[in-house]
Amino acid sequence: MLQYFIKRIAQLVPTVLGVIFITFSLGYFGPGDPLKHQLGERLPSDPAQLERLRKHYGLDRPFHVQFSSYIGKLARGDMGISIVVQSKRPIRDMLGKALRTSVQLGGAAALIIFVLGIPLGILAAYRKNTWLDYVIVSLAALLPTVPPFVLAPLLLILFVLQLKLLPASFGWAGLFDSRAILPLIILVIGPMLIVVRQTRNSIIEALTQDYVRTARSKGVLEHKVLSRHVLKNAMIPVLTSMGFIISGLLTGSLFVESIFGIPGFGKLIYDGLRAYDYPLILGTTLVGTLIILASNLLVDLLYPFFDPRVQFG
Amino acid sequence: MRLIVRILASCFVLLGLSGISLVSAQELAEEQVVKLLLRGKKDVVHPSAEGGDGRHWLRVTMLAPFNLDAQGNMVPSLASGFEKSADELEYTLSFYEDAVFSNGKPITASAVKEAWEWGVLSENLPGWGGLMSIFRKIEGMQAVSEGSSTDAEGLVVIDDHTLKIVLNERVIGWENALASYMAGVFDVSGDVDDIDYWRNPVVSGPYLFNWDPDTGAITLTQNPNWWGEPVTLERIEFQVVEDPQTRLIAYENGEVDVIKDLGDLLDQIKVSHPDELVAIPGVGFFYLAFNNQLEPTNDPHIRRALLHAIDRRAVFQALFPNHPLTDSILQTGTQCANPEFQISYDPDMARTELSQSGYGNAENVPPIRIQYWADINFWGRILTAYQQQWQDNLGLRVELFGVDNYDTPNFNLQRDSTAPTINDPSEALGVFAASDGANAAYQSFAASPELDALLDEANTLASTDTARCELYRQIEERLLLDETALIPQIGIPYNWVVKPYVQGLETSLNQDINWDQISILEH
């Protein structure tokens with residue numbers, strides 16, 4: 001396993017370097033300029049000021065100089081400084097603070113998805129073609145299609161203004177503050193229903209397999225059939241989805257964090273992209289890539305525990 | 001007898017006073033805290049680079065020499081007053097002698113000079129200029145900004161509490177620059193180059209500033225070393241929420257006391273909270289700027305045809321009825337503004353102008369390209385309506401481009417805005433009429449030498465001279481109807497939405513709030 005792990009880590013290096021190179025090239029050669037974006041619709045009082053700033057941030061240097069300087073600094077753990085979003089603040093600090101918030105929010109959402117999504121999927125599978133199954137399947141088909149920027153105001157109006165059950169959510173006062181509830185609900189709804197649907201389909205398929213029929217004919221109790229035979233096999237596609245969902249929750253809660261003003265990783269990505277703050281875009285892309293690669297690796301490492309046919313190597 | 005009368009009179013006075021204080025005590029809420037939601041993100045917190053929502057806390061944390069009151073008058077803040085030389089090239093400021101920073105250190109003229117010299121350093125300014133946009137005419141400031149000098153000769157320390165400012169060129173109404181939030185003063189002897197300094201900077205005002213990057217919250221608390229009149233509010237809490245609907249819901253749910261609306265929900269708020277709106281005055285306005293260096297808008301007939309072919313009133317009435325449509329460059333609040341002036345919607349006149357143009361008819365006119373800053377969706381809707389009207393009334397093909405910045409000169413019209421940092425017609429009209437004005441320099445509109453000369457003539461006149469306003473109005477009219485350098489759109493549609501128990505809130509041209517004069521009533 002250790003050998004497999006080392007091999008996989010080694011395989012990540014060119015992927016990460018490739019992502020850095022592509023992102024850096026897009027930032028350098030693509031349209032947009034962080035300093036000009038700062039102007040917005042304002043006119044510079046002194047056009048030479050832009051050039052001075054460009055020099056100050058090292059943006060006037062050729063591509064290969066900027067790129068090699070970036071890689072050199074990165075090797076020392078320096079991801080540069082933000083140009084626009086939080087002027088002159090080290091990207092590493094910004095990422096650290098933002099990730100702390102997003103890990104809490106995304107982690108809690110992933111837990112809820114796991115704890116509620118899988119049992120609901122099992123329930124729908126066991127009650128196949130009943131009204132309960134239809135309700136779950138319909139919701140699972142409908143709700144993930146509603147984007148967060150539509151869902152958020154709808155839920156705000158419903159829960160805050162009409163039912164007066166929750167406070168309006170803005171800012172971040174910790175996971176256990178009531179203001180975290182609405183963002184959590186919005187984060188959970190879409191992916192959870194995907195997990196429900198996937199669990200249901202996998203379970204239904206597993207229930208038709210010969211080994212389940214054999215187990216049942218041998219008189220194995222139904223809950224044991226479920227836990228020992230059905231669930232273990234049905235979880236493999238769900239596990240793959242969970243990998244994507246967790247990395248998505250950590251890196252892609254872009255709309256939710258922006259709508260509710262939560263200073264997390266998604267908000268940082270959003271701010272960086274909007275402002276063409278490309279040291280920040282590079283930093284968030286790099287960390288986002290690492291999160292996705294790490295979660296994929298974790299899923300791959302977990303496969304053999306669910307399916308002994310899968311071997312490391 | 002006299003003694004009895006005196007005792008009775010004293011009793012009345014005492015009773016009266018105690019009665020008043022009792023009423024006041026009952027009216028004031030026990031907790032003097034205000035919570036406020038803003039739209040903009042905070043990228044920098046030092047005054048010299050501030051162009052966004054920082055102005056809402058700078059007025060009470062890092063004081064400029066003066067503030068503006070609700071009527072636009074300059075009122076003392078860090079400085080008690082100033083004197084201006086007859087040639088308007090020298091300004092002598094007197095600072096309060098008992099003024100100290102929040103760390104107890106005296107605020108001297110040297111401290112002010114050092115704060116400003118740090119503020120104008122190139123690396124501390126944003127691309128659009130920040131403090132240098134108003135201080136560039138101070139002798140020696142440019143060299144300090146570029147790093148070739150550390151001492152601005154135009155900032156002369158006379159004594160601990162007196163600073164003389166020398167300009168290298170007369171600028172009418174320059175004193176207004178001293179009431180800008182960008183001229184805010186902080187203790188530069190701290191580690192100001194460390195970005196973390198700005199989380200809790202050493203301030204000069206009645207409130208300490210604290211920014212928590214973990215929660216995104218900004219909190220102002222009373223400065224124990226505050227040297228001026230006592231303030232009532234104990235704490236002011238700012239939070240940034242970009243989504244306007246979320247801000248309004250939080251306000252309606254009673255979770256915050258004040259929100260800022262930049263016109264996004266104005267029409268909705270005018271209906272739901274008409275009595276809670278406090279309009280932010282503004283002498284700036286939004287407009288469409290013409291490019292007269294590019295076909296076909298290099299032809300004044302085409303520009304005039306475009307001007308008269310759109311029914312701006314109908315478009316705004318249909319889409320954003322509460323937004324303040326304007327026909328002028330000089331807005332109400334600026335000297336010489338003419339509220340009677342109107343631009344007509346006249347499709348026949350527009351067609352005549354088109355036929356008189358070098359193109360003769362619409363078929364010969366190349367497509368007209370319009371760019372607008374895509375960050376504000378509002379303008380996309382307005383311009384789409386205009387696009388249809390230009391098509392219907394003139395048969396012209398107009399292409400719209402939502403962009404992130406105005407980097408390209410390849411446009412015929414550009415949605416723009418201006419807000420003169422110095423509230424004077426010379427500044428407002430100079431943008432369009434002066435040969436070195438911003439419009440000429442950056443928007444590819446070469447100013448007419450005739451109007452430039454007329455502007456120079458008006459600028460030499462004293463502000464009390466009646467001929468001055470006549471000249472400025474003449475320039476304005478010609479800029480709009482003859483030269484047609486621009487098509488005015490709307491004035492500033494910004495408002496505070498304020499709960500009725502927030503007592504005494506006023507705002508100014510700086511879009512700030514007089515936090516030091518506000519109290520919270522029981523509610």
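How many helices and strands does the secondary structure of chain A come to? I looked this up first. Chain A comes to 13 helices and zero strands. I note here that the model is predicted.

**Entry: chain A as a whole**

I read the elements of chain A from the N terminus on, and they run α-α-α-α-α-α-α-α-α-α-α-α-α. I then looked up the box that the C-alpha atoms of chain A fill, taken along the principal axes, and it is roughly 85 × 55 × 30 Å. Chain A has 313 residues, and 49% of them count as buried. I also looked at contacts in chain A between residues at least 6 apart in sequence; 72% of these join residues at least 24 apart.

**Entry: chain B against chain A**

I turned to the place where the two chains touch. Chain A gives 49 residues to the contact, and chain B gives 53 residues. The size of an interface is often given as the accessible area lost when the parts come together. For chain B and chain A I found about 4,400 Å² buried between them, with 53% of it on carbon and sulfur atoms.

Next I looked up the charged pairs. There are five salt bridges between chain B and chain A. In one salt bridge, the side chain of A:Arg52 meets the side chain of B:Glu146, at 3.4 Å from N to O.

Which elements give two or more residues to the side of chain B that touches chain A? I listed helix 4 (132–135), helix 5 (141–146), strand 10 (235–240), helix 6 (244–252), strand 16 (413–418) and helix 13 (438–442) of chain B. Helix 6 of chain B supplies four residues, the largest share of that side. I sorted the side of chain B that touches chain A by class, and it has 19 nonpolar, 16 polar and 18 charged residues.

**Entry: the two domains of chain B**

I looked up how chain B is divided. Domain 1 covers 2–240 + 495–520, and domain 2 covers 285–491. The C-alpha centres of the two domains lie 36 Å apart.

I then went to the contact between these domains. Domain 1 of chain B puts nine residues in contact with 10 residues of domain 2 of chain B. The two domains bury about 690 Å² between them, and 59% of it is on carbon and sulfur atoms. Which three residues supply more than any other three of the area that domain 1 of chain B buries against domain 2 of chain B? I found B:Arg170, B:Ile172 and B:Asn176, which supply 55% of that area.

By class, the side of domain 1 that touches domain 2 in chain B has six nonpolar, two polar and one charged residues.

**Entry: backbone angles**

Most residues other than glycine have a negative phi, and most peptide bonds are trans. I looked up places that go the other way.

B:Glu295 and B:Pro296 are joined by a cis peptide bond, with omega about -5°. I placed B:Pro296 in the loop between strand 13 (285–290) and helix 8 (300–308) of chain B.

A:Lys164 has a positive phi, near 50°. I found A:Lys164 in the loop between helix 7 (148–162) and helix 8 (181–207) of chain A. A:Lys164 counts as exposed because its relative accessible area is 56%, and the cut-off for exposed is over 50%.

B:Gln511 also has a positive phi, near 60°. B:Gln511 sits in the loop between strand 19 (502–503) and strand 20 (519–520) of chain B. Is B:Gln511 buried or exposed? B:Gln511 is buried, because its relative accessibility is 13% and buried means under 20%.

I looked up B:Glu353, which lies in helix 10 (residues 347–356) of chain B. B:Glu353 is buried, with a relative accessible area of 12%. Leaving out residues up to four places away in sequence, I found that B:Glu353 touches B:His301, B:Arg304 and B:Ala305. The side chains of B:Glu353 and B:His301 make a polar contact at 2.7 Å.

Last, I looked up B:Pro339, in the loop between helix 9 (312–319) and helix 10 of chain B. B:Pro339 is exposed, with a relative accessible area of 64%. B:Pro339 and B:Asp327 are 12 residues apart along the chain, and their C-alpha atoms are separated by 8.5 Å.

Notes. Residues are numbered from 1 along each chain as its sequence is written. Chains are lettered from A and ligands numbered from 1 in the order in which they are written. This is a predicted model: local features need pLDDT of at least 70, side-chain atom pairs count only at pLDDT 80 or more; totals for chains, interfaces and linings use all residues. Side-chain values use heavy atoms; hydrogens and water are left out. Contact means heavy atoms within 4.5 Å. Buried area is the accessible area (1.4 Å probe) that two parts lose on being put together, summed over both. A salt bridge is a side-chain nitrogen of Lys or Arg within 4 Å of a carboxyl oxygen of Asp or Glu. Ala, Val, Leu, Ile, Met, Phe, Trp, Tyr, Cys and Pro count as nonpolar, Asp, Glu, Lys and Arg as charged, and the others, Gly among them, as polar. Domain bounds come from an automatic or database domain assignment. Buried means under 20% relative accessible area, exposed over 50%, partly exposed in between (1.4 Å probe, protein chains only). A polar contact is a pair of N or O atoms within 3.5 Å; within protein, one must be able to donate a hydrogen and the other to accept it, and residues adjacent in sequence count only if both atoms are side-chain atoms.
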